[in-house]
Amino acid sequence: MATATRRNAFTSMGTVVSVRADGAADVVARSAAVAASVFDRWDRRCSLYRADSELSRVARGELAMTDAGTELRDAYALAVAWRARTGGAFTPHRTDGVIDLNGVVKAVAIAEAGEAIRAMGVAGWGLDAGGDVLVSGPRADGSPWLVGIVDPWDRHELLSAVALGEDRRAVATSGVAERGEHIWAPTDGIDAVFVQVSVAAADIVTADVLATAIVAGGEAALDELTSREPVDVLAVRRDGTMAATPGWPRAPLGARTAR
Amino acid sequence: MRARAFVIASAASAAALIAGWQLGNAVTGAGTTVAASGTQPATSSASSGTDASSSTSSGSAGSSGTTSASAAPTTDSTTEQAGAADGTYAGTTVSTRFGDVQVQVTISGGSITDVTALQLTDHDGRSVSISNRAAPILRDEVLQAQTASVSMVSGATYTSAAYLQSLQAALDAAGF
């Protein structure tokens, strides 16, 4: 951190948030500081790892959801709306009855942090919170943001890449390999078909929720949600085969290699 | 199949599909001799309701939908269809009161095995993809990239400890 670069990073929600922003070093630093304060607020409010968070008080029965603050109630309403929109594949209700907003809170924080950075007058920026990416504007040199998709079989390799732009500003990836505990299949005991699902969408909440929903809901959720929602999807099955929507970026024919 | 039924029902455009299909086929058929007897029976069954059109497509629901050779069941009545070469034919885009519709027909063994709506533009001019189904893709078909060419990395959420081992950390350190 001694030299001024165009990126910054901070720790929040048990992961690391990386910030990219166009402009001088202080612009990047201020962008990261604004993003960090947004993340911190949401973490204090909704983390189940913090005994003193508002959501932990709800979980212990000390606070009724209806008496909680507007932000928490809105986040819960958002999660419930997505439960309906995904036919239950995504749900904030844990099997033990606890309301878990992990599935939306990080995305909501990313979106809000992005808005805060935009409000500072920064046109081109990118946020990567633990593998969920939201960008705005072209990069300083006019090129689109190219985001790599991690290979679930080798996390030091990339499986694919997606260029983000106007109607695809966000990409999120869910998987069973790391932190799989926030994905629970509606049918208990059935192994997830997909080890990793990446969703590119216009906004980060849609991308994040649908990636989770498709991992949890399997092939049926993949078919149903891709036909209905304006998203591009790359799904990797446990057996190594993959499926992609027509809009997922394809390699040029000449560049393909026989394996 | 559930998704297909949903799409057709929720678009509330069974009429649009049928209209687009007929018009699209008329145009396509002129050039490819696809039309005639191959389309007529299917058209009449589709007219009876949305269930008919979703069952039309069910024969190849498991296939990628773009190639005709694979999973589509072939029928015995293939001989009269001399001019109907196997393949996938896109109709022209047709304006209906529901919006713009383009239909794609897959012919296999002389019979229509799949009918898909390729695009539907609503009245705000927004293109609504209603055939955005995921299909098999090979690893060397997806766009790949070198680590050096990407700005950020998307993957299953890593812990802050695992971040140190991640590609994202390498990119952050390198200043991409």
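Predicted model: local features only at pLDDT ≥ 70, side-chain atom pairs only at ≥ 80, totals over all residues.
V153(B), in strand β7(B), is the bridge partner of G148(A). This pair belongs to a parallel pairing between β5 (residues 145-151) of chain A and β7(B), which runs over three bridges.

**The three-strand sheet**
- The order is β6(A)-β5(A)-β7(B) in an open sheet with mixed pairing.
- β6 of chain A and β7 of chain B each have a single partner strand, so these edge strands are left with one side lacking a neighbour in the sheet.
- On average, neighbouring strands here are turned by 40 degrees against each other, direction ignored.

**Helix α6(B)**
- This helix packs on the three-strand sheet by touching β6 of chain A and β7 of chain B, and its direction makes about 170 degrees with that of β7(B).
- Within α6 (residues 167-174) of chain B, the buried residues include L167(B), A169(B) and L171(B).
- The buried residues of α6(B) pack against β1, β2, β3 and β6 (154-164) of chain A, and also against β7 (152-154) and α5 (160-163) of chain B.

**The nine-strand sheet**
- Nine strands make up an open, antiparallel sheet, ordered β1(A)-β2(A)-β3(A)-β4(A)-β7(A)-β8(A)-β9(A)-β10(A)-β6(B).
- From one strand to the next, the twist averages 15 degrees.
- Chain B joins through β6(B), which pairs with β10 (residues 242-244) of chain A in the antiparallel sense over three bridges; there, A135(B) stands opposite A244(A).

**Helices across the strands of chain A**
- Helix α1 (residues 25-46) of chain A lies across β1, β2 and β3 of that chain, at about 15 degrees to β1(A).
- Helix α4 (residues 102-119) of chain A lies across β2, β3 and β4, at about 160 degrees to β3(A).

Technical notes
Residues numbered from 1 in each chain as written. Chains lettered and ligands numbered in written order. Heavy atoms only, no water. Pairing = 2+ DSSP bridges. Helix = DSSP H or I, 4+ residues; strand = E, 2+ residues; numbered from the N terminus. Axes fitted to C-alpha atoms, helices over the stretch in contact; angles between N-to-C directions. Contact = heavy atoms within 4.5 Å. Buried < 20%, exposed > 50% of the residue type's maximum accessible area, 1.4 Å probe, protein only.
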